[in-house]
Amino acid sequence: MAMERRDVLKAGLTTALASAGLALSAQAREIQPEPAQSLAPVRKRPRTLRKAVMIGMVGEGATLADKFMLLRDCGFAGVEMDSPGMPPAEEVLAAIHKSGLAVHGLVNSVHWKYHLNSPDDEVVKKAIESLETCLRDAKAVGASSVLLVPAVVNGRQPYDRAWARSMRAIRTVLPLARETGVKIAIENVWNGFLLSPLEAARYVDEFADPMVRFHFDIGNVINFGWPDQWVRILGERIEKLHIKDFSRKRRDEAGLWKGFEADIGDGDAGWAEVMAALDDTGYSTAEGGRWATAEVRGGDRARLAEISKRMDDVLSR
C-alpha cells in the first residue's frame, strides 16, 4: 500500500509539472520578445548656419554693391557693417537689393574709444549715443543685432564698477532696442572683462531682457579656455558667432598676438567639439539659419573664396 501511495504521489507531481509547463509555454507564446533596437546613430537635424564676413575684410570692389556681389559670388549670405559711420542707408539697401545679401548685424565702431564704464560721464554719454545710433542704423538696413563691447577694465576702471556702470548704461538704451527690434549682443574680447563663460552668462541673465544676448567669438577664448565649453554654458544666450582660430603653438613661439595668425581650421579651436556643442544647443540647426561671421584677415576675391572654403570645412565637422 505504501508503494501504491508513492506511485500516486509521483503521478500527481508529474501531472502538475506537465500542466505548469503547458501554461508557461502558452504564456511564452503570448509574450513575444521585442525586436532588437538598431545600433545606428540617431540622425541629427541638418545644419543651417549662414556664412558672413565683416565688411572691412572685402579688399575688392569700387562700390558697396560691387563688394556685396563679390561676397555673394564667394558663397557668403551676409555681412556685418560698422556704425556709427555706416554708409547712407539708401546705398546699403540698394546693395542688398542688387546682391541678395543680408546685412545681418552691425558692430559698434567706437566702443573701444567711448567706454560705457568710463569714470567720465561725458564719455559715457557719447558711448550711449553711439549705441543708440547703432540701433537706429540697424533697423534702417534690416540688421537684427548690434555687437557691443560693454566695458573695459584697467587701472582706472575697476572690474566691479565696470559691471555696474555698463549694466546701468545699457539699461537706459533697452527701450530703444525694444522699439527697433534690434538686439544688443555682448561680445567676449580681450578687454579684461567677462573672463569666464559662467560670468558671461550671469551678465546677460542679470538684464532679464531678451533684447540683451551674446555675440560669441570662438577664437577670442582659445588663449585661456575652450570654445565648446563656452558654447554649452552660454547656450541659448548666443545670438551670433564670430569665426576665427588661434594657435597656442604660435603664441608660445612668436608672441601672444601671433596666435591669431592661424587661419580658420589651423589653430586650436577644436572645431569638431565646437560644432557638436552648437548642434546640442540648437544654434547650428535652427530653423531659418543662424549667422557665422568670419573675422580674419581679408583680401581679394581669391582670399575671400579661401575663407569661404575654410568655413565650409570647419562648419561641417
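**Confidence.** I'm working with a predicted model here. I looked up the mean pLDDT of the protein chain and got 90, with 86% of its residues at 70 or more. Then I checked residues 1-40, where pLDDT stays under 50. For that stretch I found 0 contacts beyond four places in sequence. Where pLDDT is low, the predicted coordinates should not be read in detail, and I left the stretch there.

**α4 and α5.** I noted the crossing of α4 past α5 as right-handed. On the α4 side, the contact uses D121, V124, I128, L131, E132, L135, R136 and K139. From α5 I listed R165, A169, T172, V173, L176, A177 and T180. Sorting the residues of this contact gave me 8 nonpolar, 2 polar and 5 charged.

**α7 and α9.** Which way do α7 and α9 run relative to each other? I had their axes coming within 8 Å and crossing at roughly 10°, and α7 and α9 are therefore roughly parallel. Helix α7 covers residues 227-234 and helix α9 covers residues 271-281. I saw P227, D228, V231 and R232 of α7 meeting E273, V274, A276, A277, L278, D280 and T281 of α9. My tally for this contact reads 6 nonpolar, 1 polar and 4 charged.

Definitions and conventions. Residues numbered from 1 in each chain as written. Predicted model: local features only at pLDDT ≥ 70, side-chain atom pairs only at ≥ 80, totals over all residues. Heavy atoms only, no water. Left-handed = near helix turned anticlockwise from the far one by under 90°. Helix = DSSP H or I, 4+ residues; strand = E, 2+ residues; numbered from the N terminus. Contact = heavy atoms within 4.5 Å. Nonpolar A, V, L, I, M, F, W, Y, C, P; charged D, E, K, R; others polar. pLDDT = per-residue confidence, 0-100. Axes fitted to C-alpha atoms, helices over the stretch in contact; angles between N-to-C directions. Parallel < 35°, antiparallel > 145°, perpendicular 65-115°, else oblique.
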